[in-house]
Amino acid sequence: MMPYSVFALARQALTGHRSWPAAWRDPAPRARYQVIVIGGGGHGLATAYYLAKTYGITDVAVLEKAWLGGGNTGRNTAIVRSNYLLTANSRFYEHALKLWEGLSADLNFNVMFSQRGMVNIAHSNAEISALHRRGNAMRLNGVDAELLSRDDLGRLMPGLDLSAAARFPILGGLIQKRGGTARHDAVAWGYARAADARGVDIIQNCEVTGLRRDGDRVIGVETTRGPIAADKVAICVAGDSGRLAAMAGLRLPMESHVLQALVSEPVKPMLDVVAVSGALHVYINQSDKGELVMGGDIDGCNSYAQRGDPHVLDHVVESAAALFPAIRRLRMMRSWGGTVDMSMDGSPIITRLPLAGLYLNGGWCYGGFKGTPAAGTAMAHLVATDRPHPVADRFTLDRFDTGDLLDERGSGSSPWMH
Amino acid sequence: MRIPCPCCGLRAMAEFTYGGADVTRPAAALPLDPSAAPDADWNDYVYRRDNPAGPHRELWFHAAGCRRWFAVTRDTRTNAFLSEAVA
Ligand SMILES: Cc1cc2nc3c(=O)[nH]c(=O)nc-3n(C[C@H](O)[C@H](O)[C@H](O)COP(=O)(O)OP(=O)(O)OC[C@H]3O[C@@H](n4cnc5c(N)ncnc54)[C@H](O)[C@@H]3O)c2cc1C
Ligand SMILES: [Zn+2]
């Protein structure tokens, strides 16, 4: 692998940038691997990378049915934060955030991690109390958090409607300054290139259509490019988790739903933090290209369609315009949807499955992008050692039987409510 | 998406509330005695789902309309409704 650096850039400039090598190989699948990772999104690629880097397991293939990052990795709004309430989630996402802080250097690939600050906006006294509680929980867990007055919010976001006449008047907020955004595609590409450099085969246009088993052990996969044998198989397919589990004869505590997002036409810099209003069910930030990126809730019914209903986008836009009246006249440029793996308690699952040699990483709901480095770390640890990683040891599958749930939002077993 | 309400016909999705997969409660015949079904059955009923990519039997509530609950089959890949709704 040619390291990317200012010197490499200068050298390539001499030849008119015509001799950059491909960032990763495009190998044909071999007949067998030690480990097969299903799913070439951020999580699958990170799993392969940490298997190679941390555990020296390089006889690994990542099988992707389409193109790298074409699933939720390339569809998400790229918000990275660790402002969780429950200790198990806080410790996992804070571990992820610390990895994000060094990720570009670790991968030798600029993932454009921008710690611009993540702001929660409160519109009622009850919400202010909830933010106090969340902020205190965060600080007790060693995560940065600061309460913001209305004036603080006005200084941070000059476009915010702080008037008493606002549809939902704003009272205050909470900021996690270390939160922000990253470049979603770069995360897939950076992990792919770094994993490839350590010997991992990244195989696109290769869909897994079945699991090969010998009794209660998995011994490989069936794919659209033929059967491939493996000692261990790691499922990292986000919204398709249920389909892969069905191949193993399992039903998961999970449903697949559609989550939409949209961007406006690009404008000059007007918002340099990520703003979220829980009451209005909207979040908004401005991309480096100037587009305003917005999203809200899932549509709310099972879906694999990767597209959603316009009334959900209406709601997002109305809410965003209620917060920032200046954006009312902007035009929407694009909207899209992704299939998210909504778990029954809103928290992820990183676990061994009842078939020996089979592992599952899923249940990421709205928020798996920010967890990518830690999910890869934890999944690699699990696959390599058969034991859960300490930062993810509560993300079990049997918590739905024992009652040891991680219901961050407290909304019970309706996955579309998380 | 427009949803076929058995009472009002095709109406905009925004008028409805989702009720999830149409799953069968264990020991439905004995609703006053939960212990009549094993814990594992209750756990499956509350938490585990088929989550199919294809026909899905599900419940809807016409919240901003006739306020009726009904069951209907929809293809989760295309959003095509595959059955008459049953109130
Ligand atoms: C609109 C939207 C906005 C979001 N915003 C945020 C956000 O701001 N912050 C955040 O943290 N998270 C966000 N998320 C969630 C986040 O995108 C996901 O949780 C995360 O990307 C899941 O990671 P992944 O890499 O495993 O998924 P994916 O990128 O979906 O990877 C799974 C891959 O598996 C492949 N696959 C599936 N089945 C098979 C098969 N049978 N054989 C081979 N390959 C297969 C798919 O093609 C896909 O590429 C958002 C999601 C959406 C849809
Ligand atoms: Zn009706």
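Predicted model: local features only at pLDDT ≥ 70, side-chain atom pairs only at ≥ 80, totals over all residues.
Helices, which are DSSP runs of H or I with at least four residues, and strands, which are runs of E with at least two, are numbered from the N terminus.

Residues are numbered from 1 along each chain as its sequence is written, chains are lettered from A and ligands numbered from 1 in the order in which they are written, and side-chain values use heavy atoms, leaving out hydrogens and water.

Is A:Gly368 buried or exposed? A:Gly368 counts as buried because its relative accessibility is 12%, where buried means under 20% relative accessible area, exposed over 50% and partly exposed in between, with a 1.4 Å probe and protein chains only. From A:Gly368 to A:Asn76 the C-alpha distance is 9.2 Å, although 292 residues separate them in sequence.

Let me turn to the core. A nonpolar core is a set of buried Ala, Val, Leu, Ile, Met, Phe, Trp, Tyr and Cys residues joined through side-chain atoms within 4.5 Å, and in the largest one, of 55 residues, A:Phe92, A:Trp100, A:Tyr191 and A:Ile350 touch the most other members. Among the elements that give two or more residues to this core are helix H3 (87–101), helix H7 (184–197) and H10 of chain A. Apart from this core lies another, of 30 residues, including A:Ala61 and A:Met344.
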